[in-house]
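Biologist: I have a structure open that I have not seen before. Can you take me through it?

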Amino acid sequence: MASFYTEQQSLDVKEGLERRVASGLFPTRPPYGYSNVRIDGRSIIELHPENAIKIRRIFELYGYHNHTLDMLVETLRNEGIEWLPSVPRFGRSKLYTILNDRSYIGDIKFRGQWYPGTHTPIIERRLWDRVQALLGHKVYKQHQMTYASDLIKCGHCGSPITGERKTKMTKSGEREYMYYRCTQYHKGDHPRIRLTEKELDAQMLEIFDSLRVEDDDFRDLIREELRQATNWDERSSATKAKQLQEELVQVRDQQNRLLNLRMLEEINSDTFASKSQELRDREDQLKLEIDVADRGRHEIIDIAVKAFELSQSLREKWLTADYSAKCRLLEIICLNWTLDDVSLVPTMRKPFDLLAKGLVSKNSRGNQTRLELFGAEFDEWPASIMLSMHDMT
């Protein structure tokens, strides 16, 4: 009899947890950043007034300010942001767990699967996606080395370029030098090439100078033409937005059919959770693409003007920038970099490639068309780059 009672109690607990998850509630205690409060006898999940702000700050630092996990630990300590009064320091592993927790975009975890929750998300989907894209590449990045890790690839073998600090004794005392080389530098017949940070900075400034239009009158003409561009083709954008909306409707129909199958118990809970997460991810992606497609002509032209103005002042900004600002500038200007022997070779982000190739020049034919193209390239820019552009100009 006692055994039956224990088994029944276990089943009741199991069913109770499943009902909570089906209702969009955490099966157990909510994660850091949320709090459990009781209102009229019901348990309600609310944002913790202090810890939710800490979570947002962690994601923003990692996603938009070029922080590694080690840098994140240090910055939080310097800003006086504590994990708990009894344990002030955010640990590296704890931060990694937080950055991987889908609870902060509105999901709940149950038996290894993620389900849609009813709690308020702390992090918007754009920032979440950006952090996930960065997580696999920045965990072990060396501390504040502008050209280190995945930023530059070796032209010989395709491996990342890494940085190393060397201390040398000079007449004036110890002096620290920063060298950059391929991570496969010591293997086989790999070229033994090392460049100092000063040498890479010099090449970077040459690249920036190549984007500059020296004629003041023509620079003013470009700005004015960009502002007055009136032949923006909105039809392709509208067509794309319509196609995305249609696909969004299809995804939502699939979500409804999936829910019906689960209610009829034609699929198990694990299959439902896995497919449901996939459809929700696709729904969020489509919403973001629709936002981009709907972006107004005037906003695009405004960003185009900002991009051009930034390209004309890169040398000055670089010489006065700190580590994080330099990383943001490189992200805005280029898609990737290759170290070919001793030469730094960029793949420029549109539309800066037009300036680098000299396509926007005083003697070019069809300047109007080229300028319109300069403004049109921003449809493909990620939201994080658009945000950085506003910050840098």
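**A walk through the model**

Modeller: This is a predicted model. One place to begin is Asp341, which counts as exposed because its relative accessibility is 51%, and the cut-off for exposed is over 50%.

Biologist: Where is Asp341 found?

Modeller: Asp341 sits in the loop between β9 (334-340) and β10 (343-348).

Biologist: What is the phi of Asp341?

Modeller: Asp341 has a positive phi of about 60°, although Asp341 is not a glycine. Most residues other than glycine have a negative phi.

Biologist: Which residue other than glycine has a phi near 60°?

Modeller: Glu265 is one, with a positive phi near 60°. Glu265 belongs to the loop between α8 (234-263) and α9 (269-293).

Biologist: Is Glu265 buried or exposed?

Modeller: Exposed: the relative accessible area of Glu265 is 68%.

Biologist: Back to β9 and β10. How do they pair?

Modeller: β9 and β10 pair in the antiparallel sense, over six bridges. As an example, Thr338 stands opposite Val345 in β10.

Biologist: And which sheet has β9 and β10 in its order?

Modeller: An open sheet of three strands, in the order β5-β9-β10, with mixed pairing. The edges are taken by β5 (152-154) and β10, each with a single partner strand, so one side of each has no neighbour in the sheet. On average, neighbouring strands of this sheet are turned by 30° against each other, direction ignored.

Biologist: Which helix lies across β9 and β10?

Modeller: Helix α6, residues 197-210, lies across β9 and β10 and runs at about 40° to β10.

Biologist: What about the sheet with β7 in it, what is its strand order?

Modeller: The order is β6-β7-β8, in an open sheet of three strands with antiparallel pairing.

Biologist: What holds paired strands together in general?

Modeller: Strands of a sheet pair through backbone hydrogen bonds, either parallel or antiparallel.

Biologist: Let's switch to helices. At what angle do α2 and α3 cross?

Modeller: Helix α2 (residues 51-64) and helix α3 (residues 69-78) cross at roughly 135°, and their axes come within 10 Å. They are therefore oblique to each other. The crossing of α2 and α3 is right-handed.

Biologist: Which residues make that contact?

Modeller: From α2 there are Ile58, Leu61 and Tyr62, and from α3 there are Leu69, Leu72, Thr75 and Leu76. By class, the contact of α2 with α3 has six nonpolar residues, one polar and no charged.

Biologist: And α3 with α4, how do their axes cross?

Modeller: The axes of α3 and helix α4 (residues 92-99) come within 9 Å and cross at roughly 105°. That angle falls in the range of 65 to 115 degrees, so α3 and α4 are roughly perpendicular to each other.

Biologist: Which residues are in contact there?

Modeller: On the α3 side, Leu69, Asp70, Leu72, Val73 and Leu76; on the α4 side, Arg92, Leu95, Tyr96 and Leu99. The contact of α3 with α4 divides into seven nonpolar, no polar and two charged residues.

Biologist: I also clicked on Arg57. Where does Arg57 lie?

Modeller: Arg57 lies in helix α2. Arg57 counts as partly exposed because its relative accessibility is 25%.

Biologist: What is Arg57 in contact with, leaving aside its neighbours within four places in sequence?

Modeller: Arg57 is in contact with His65, Glu79 and Ile81. As for Leu72, 15 residues from Arg57 along the chain, the C-alpha atoms of the two are separated by 9.9 Å.

Biologist: Last topic, the whole chain. How many helices and strands are there?

Modeller: The protein chain has 15 helices and 10 strands. Of its 393 residues, 43% count as buried.

Biologist: And what share of the contacts with a separation of 6 or more comes from residues 24 or more positions apart?

Modeller: Those residues account for 59% of such contacts in the protein chain.

Methods: Residues are numbered from 1 along each chain as its sequence is written. This is a predicted model: local features need pLDDT of at least 70, side-chain atom pairs count only at pLDDT 80 or more; totals for chains, interfaces and linings use all residues. Side-chain values use heavy atoms; hydrogens and water are left out. Two strands pair if DSSP finds at least two bridges between them. Helices (H or I, at least four residues) and strands (E, at least two) are DSSP runs, numbered from the N terminus. Axes are lines fitted to C-alpha atoms, for helices over the stretch in contact, and angles run from 0 to 180 degrees between N-to-C directions. Angles under 35 degrees count as roughly parallel, over 145 as roughly antiparallel, 65 to 115 as roughly perpendicular and the rest as oblique. A crossing is left-handed if the near helix is turned anticlockwise from the far one by less than a right angle, and right-handed if clockwise. Contact means heavy atoms within 4.5 Å. Ala, Val, Leu, Ile, Met, Phe, Trp, Tyr, Cys and Pro count as nonpolar, Asp, Glu, Lys and Arg as charged, and the others, Gly among them, as polar. Buried means under 20% relative accessible area, exposed over 50%, partly exposed in between (1.4 Å probe, protein chains only).
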